Amino acid sequence: MDALEQGMAIQAARVEKGWKAAKLAARVGVSQTTLSRWENGHQQPYRRYRKQLCRVLGKDPVDLGFEEELLEVDRRELVQRLIGALGTLAVKPLVGGAGLESLERLASAAGRPSRVDVTTVEHLELVTQIHRSLYHDLSSAELMPAVIGHLQVTVLLLGGAQRLPLRRRLARIAGETAGHGAWLCHDLGDKHSAARYYDVADVATEEAGEPALASYVLGFRSLVMGSEGQAHKALALARSAVELDTRFLAVAGGCYGQLGKTAAAERTLREALDALGSKRSRRRADTLIDLARVRAQQQDVDEAAGLACESLEIALETGSMAGIQRVHRFRPELARWDGTPAVIVLDEQLHDGG
């Protein structure tokens, strides 16, 4: 398109959103006079303003008459940011057994992307959904290779997404998958890799532009921070996450417990257990041990030890190394009650299976 056609497209997009020229100019960061010159075809926006126009109007560059070059640069920048966030993490292929791919090869492949269509994205979304379901049936070690491979495929295909809606859907897949991989790494005790995958998730969720997904990643990241003793930071993140997703009540409850706010902790954790239902999941095991810690602080050794026993049983059933380690780390908090019947039962279970 020429400058006049571009201006007409910008104006049409503005009218479609019901915005006056002054509002769009303010959102883009230019004067109303400059916007008028764009819309009248007297001047073309610089590249940085083209990106701003696309973002605030929710349009593809091609919809506003901008060159494909802008979209291509955006795609490359996104892929490179994701690769940079991955750092030196090794990524296993989803299929085949040829060994580990290097990031150099990943970057090279991203420079020669396949074109992506709706059907491809739908298939990838289905795989993401399957991985979420398998989390409750497989151990973290068993699920990890598939999740990482899925992330690799998605990052590569982001380089081939020609239009903004598909790119955002792929970014959502990458964000959720990276967050899942981070949580699996945490469950396996690999803090370094967990942090790196959360960095990838941050980049991808920013591109996806979905608050609910950001809350999902935020909530699980707060859980990791809480387990590392960063209770104040974790609670701030958890509160933000709970506003959009009640699944993170347990995270907030655990943070309250670490900060010594036992009444708030117990109330929140019991509410979280009710929301989880009866399914013996890793999330339930984590919530139980947090509640056990609170009950120990409240001097109820029998319930504290009983909750720890149940948490250990579920961690063993689900293959959660992090869950088992959490029970071991909790055990010294019952030292003053060594030799009591409830603590003896917990010690026997830790000796036999943990």
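User: Is the crossing of α7 and α9 left-handed or right-handed?
Analyst: The model is predicted. A crossing counts as left-handed if the near helix is turned anticlockwise from the far one by less than a right angle, and right-handed if clockwise. For α7 and α9 the crossing is left-handed.

User: Are α7 and α9 roughly parallel or roughly antiparallel?
Analyst: Helix α7 covers residues 118-134 and helix α9 covers residues 164-187. Their axes come within 10 Å and cross at roughly 20°. Angles under 35 degrees count as roughly parallel, so α7 and α9 are roughly parallel.

User: How many nonpolar residues are in the contact of α7 with α9?
Analyst: On the α7 side, V118, V121 and L124 are among the residues that meet α9. On the α9 side, the residues include L166, L170 and I173. The contact also has 4 polar and 5 charged residues. The number of nonpolar residues is 6.

User: How far apart are L138 and T318 in space, C-alpha to C-alpha?
Analyst: L138 is found in the loop between α7 and α8. Leaving aside residues up to four places away in sequence, L138 touches L143, R282 and T318. L138 and T318 are 180 residues apart in sequence, yet in space their C-alpha atoms are separated by 7.1 Å.

User: Is L138 buried or partly exposed?
Analyst: Buried means under 20% relative accessible area, and exposed means over 50%. L138 has a relative accessible area of 27%, so L138 is partly exposed.

User: What span should the 18 residues of helix α16 have?
Analyst: Helix α16 runs over residues 301-318.

User: Which helices are included in what covers the buried residues of α16?
Analyst: The buried residues of α16 include V301, A304, L307, A308, S311, L312 and A315. An α-helix has 3.6 residues a turn, so residues three or four places apart point the same way. The cover over the buried residues of α16 includes α15, α17 and α18.

User: Are α15 and α17 roughly parallel or roughly perpendicular?
Analyst: The axes of α15 and α17 come within 10 Å and cross at roughly 10°. Angles under 35 degrees count as roughly parallel. Therefore α15 and α17 are roughly parallel.

User: Which residues of α17 make the contact with α15?
Analyst: The contact has 5 nonpolar, 1 polar and 4 charged residues. From α15 it takes D286, I289, D290, A292, R293 and A296. From α17 it takes G323, R326, V327 and F330.

User: How far apart are C255 and D290 in space, C-alpha to C-alpha?
Analyst: C255 is in helix α13, residues 249-258. C255 is buried, with a relative accessible area of 1%. In sequence C255 and D290 are 35 residues apart, and in space the distance is 8.9 Å.

User: Which positive phi does Q299 have, although it is not a glycine?
Analyst: Most residues other than glycine have a negative phi. Q299 is in the loop between α15 and α16, and Q299 is partly exposed at 48% relative accessible area. Its positive phi is about 70°.

User: How many helices are there in the protein chain?
Analyst: Buried residues make up 49% of the 354 residues in the protein chain. The protein chain has 0 strands, and its number of helices is 18.

Methods: Residues numbered from 1 in each chain as written. Predicted model: local features only at pLDDT ≥ 70, side-chain atom pairs only at ≥ 80, totals over all residues. Heavy atoms only, no water. Axes fitted to C-alpha atoms, helices over the stretch in contact; angles between N-to-C directions. Helix = DSSP H or I, 4+ residues; strand = E, 2+ residues; numbered from the N terminus. Parallel < 35°, antiparallel > 145°, perpendicular 65-115°, else oblique. Contact = heavy atoms within 4.5 Å. Nonpolar A, V, L, I, M, F, W, Y, C, P; charged D, E, K, R; others polar. Expected span 1.5 Å × (residues − 1). Buried < 20%, exposed > 50% of the residue type's maximum accessible area, 1.4 Å probe, protein only.
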